[in-house]
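Open the model in your viewer and follow the stops below. Each one says what to select and what is there.

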Amino acid sequence: MAAILKRPGVPGRRHVVRGASLLASVALTFLGLLLVTFLIGRVVPIDPVIAVVGDRVSADTYARVRQELGLDLPLWQQFLRYVGDVLRGDFGTSVLTSRPVLEDVLRVFPATLELATAAVVIGVVLGVPAGVMAAVKRGRWQDQLIRVVGLIGYSVPVFWLGLMVLLVFYARLEIAPGPGRIDVFYEGVVDPVTGIITVDALLAGETDVFWNALYHLMLPASVLGLFSVAYIARMTRSFMLDQLRQEYITTARVKGLSETRVVWRHALGNIAIPLTTVVALSYAGLLEGSVLTETVFAWPGLGLYITNSLLSADMNAVLGGTLVVGAVFIGLNLLSDLLYRLLDPRAR
Amino acid sequence: MSVQTQNSAARTGGLRAWLTTETPQSRTQAKLGRIYLGWLTFTRNTLAVVGLGIMLLLVAMAVLAPLLTPYDPLAQDLGQRLLPPSGAHWLGTDAFGRDILSRILYGSRLTLMIVLLVAVTAPVAGLLIGTVAGYLGGWVDTVLMRVTDIFLAFPKLILALAFVSALGPGIENAIIAIAITSWPPYTRIARAETITIRKSDFISAVRLQGASKARIILGHVVPLCSSSLIVRVTLDMAGIILTAAGLGFLGLGAQPPAPEWGAMIATGRQYVLEQWWVATMPGIAIFVVSLGFNLLGDGLRDVLDPKG
């Protein structure tokens, strides 16, 4: 792959045009996201003026606040104001925590990032070998077994699975920790730098805290990662089947290369690019899947923040959280697209 | 596989021969013959038949619920609360003394309703938008596909959450939210199929006969796009059931005391360490039904969409 990257490529006009159109489409998508959250915010049956001043005010005060909030303007002007606010990082104030929503979101986001990253690592480490194995042993019992595990991963409700593993491993077998990111005993030992406890603990050299945090991460990450194991294994299998049919594989075999080398070096090396995009997409899916997993494991991330805000009708917080997840989602889609174009010479 | 082929070849005459003849006498016969061959392909796939069986079971549960259980799914009996599974209550009782099996049986009606309502709205909308965009092309195509891409770039569950929070919790709003977030993939599929057949000779022939655009799209393009869409819808149903249950679990879908499976898990959650059956049983129901849709979808794909 290094050889591909080193190929002398002067960015020509074609690249500039393509890059510009990609950027334009991302900007348009983000604008669409803003429009949707804006409209959702407008159809809510909660009067934003009453939410600010309460319902025991005079008509004058009501009108004044309404004007201050810009609610007397035409809808399109309100939308422009909204876009301006969001671009300046002003998502409004959370009713629940009475702090700016952006501050809240930045505080809880690292926990979600930690959980989703651990889950995607599990997905790659288990999913890729499983997919390769299924393709090599096509139709045999190994293939069937991996297919059944994949079907379970696609079909099981993740919040129920979370409850069940807590019941079995925490309550009955007592080999796993309970909900939360870390034991109460270790709470506050490490100062948050990145907000990702495992990383912070390593930075501070607190190995006890690191192992405890990892121990807490194990169960929720496995539950969340099951879907991504299933997805990555299925895609790897189908990419590998395509490759194993090709003539260069026959050539490699005829040359007398070992089967291990043919499969793991030649075939797998050639699917690295599409696989990268699959991993990026599954990472985006995991950020979303973390909403339910976080609720079950009391994991204080973005998902739990959004659901808690939902239940207390804290619309600024809900829409701010939705915007951030949406933006990350769009970003990851763009990243997988760019990676594909960058790594695959045929797509350039 | 070969055994079945031999069987059908060996038995000449009768219905099977009429269905498998290579020289059908009428369109109906040809059509029925095609369906029969599809059915044979489908039944060769054991897992797909299991999936179909689960679907039939779900429908039977929903229709026959009152006959299958003596208990009322909503009636509370506080003297009978949190009983473990026994002869009287096969799956135990919940915190209000309601029989869990009865609630699961009646809950299948809600699951079926969600699935049916989403299945008749989102794919139909996607099919219409996709075929119109693909057939007309030009700026109509550009605009419609831009909008589709915007919706496609959203995280579905989060968007559904935001919609439900705006519309207010409840099963109807959960269905609307799921439908709003699930049409874009269908649009993409329908458009791709439309573009491949738009320039075919038979479409030109229909156009030269003076058929209107609406007639061509509705009468000739839409039917050809349907089969790949059906496969996709069946596979998506599993995800829709999981999303609906997830919304119910978060308290945003069906409201208590409705026996919705996700909401049942949510109420059983606080007893999960001692009275494990309260949360476990509805989860198994969700899992089995969603597995059934996945198996059925896999089997249908082999029959209807040989390219995939």
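Predicted model: local features only at pLDDT ≥ 70, side-chain atom pairs only at ≥ 80, totals over all residues.

**Stop 1: a helix crossing in chain A**

The crossing of H2(A) and H5(A) is right-handed.

Now show side chains. On H2(A), pick A:Phe30, A:Leu31, A:Leu34, A:Leu35, A:Thr37, A:Phe38 and A:Arg42. On H5(A), pick A:Leu75, A:Gln78, A:Phe79, A:Tyr82, A:Val83, A:Val86 and A:Leu87. These residues make the contact. Color them by class: eleven are nonpolar, two polar and one charged.

**Stop 2: chain A against chain B**

Show both chains. Here 42 residues of chain A are in contact with 39 residues of chain B. The area buried between the chains is about 3,800 Å². Carbon and sulfur atoms give 78% of that area.

How many salt bridges are counted between chain A and chain B? The count is one. To find the salt bridge, select B:Asp298 and A:Arg147. Their side chains meet at 3.3 Å, N to O. Residue pairs in polar contact between chain A and chain B number seven, counting pairs with both residues at pLDDT 80 or more.

Which elements of chain A give two or more residues to the side that touches chain B? Select H2, helix H7 (141-155), helix H8 (158-172), helix H13 (272-297), helix H14 (302-311) and helix H15 (315-343) of chain A. The residues on the side of chain A that touches chain B divide into 29 nonpolar, nine polar and four charged.

**Stop 3: a loop in chain A**

Stay on chain A. Go to the loop between H13 and H14 and select A:Ala298. Phi of A:Ala298 is near 50°. That is a positive value in a residue other than glycine.

**Stop 4: chain B on its own**

Chain B has 13 helices and zero strands. Zoom out to take in the C-alpha trace of chain B, which spans about 75 × 60 × 25 Å along its principal axes.

**Stop 5: a cis peptide bond**

Select the loop between helix H11 (213-249) and helix H12 (261-268) of chain B, where B:Pro257 is placed. Is the peptide bond from B:Pro256 to B:Pro257 cis or trans? The bond is cis, with omega near 10°.

Terms used: Residues numbered from 1 in each chain as written. Chains lettered and ligands numbered in written order. Heavy atoms only, no water. Left-handed = near helix turned anticlockwise from the far one by under 90°. Helix = DSSP H or I, 4+ residues; strand = E, 2+ residues; numbered from the N terminus. Contact = heavy atoms within 4.5 Å. Nonpolar A, V, L, I, M, F, W, Y, C, P; charged D, E, K, R; others polar. Buried area = accessible area lost by both parts, 1.4 Å probe. Salt bridge = Lys/Arg side-chain N within 4 Å of Asp/Glu carboxyl O. Polar contact = N/O pair within 3.5 Å; in protein donor to acceptor, adjacent residues only side chain to side chain.
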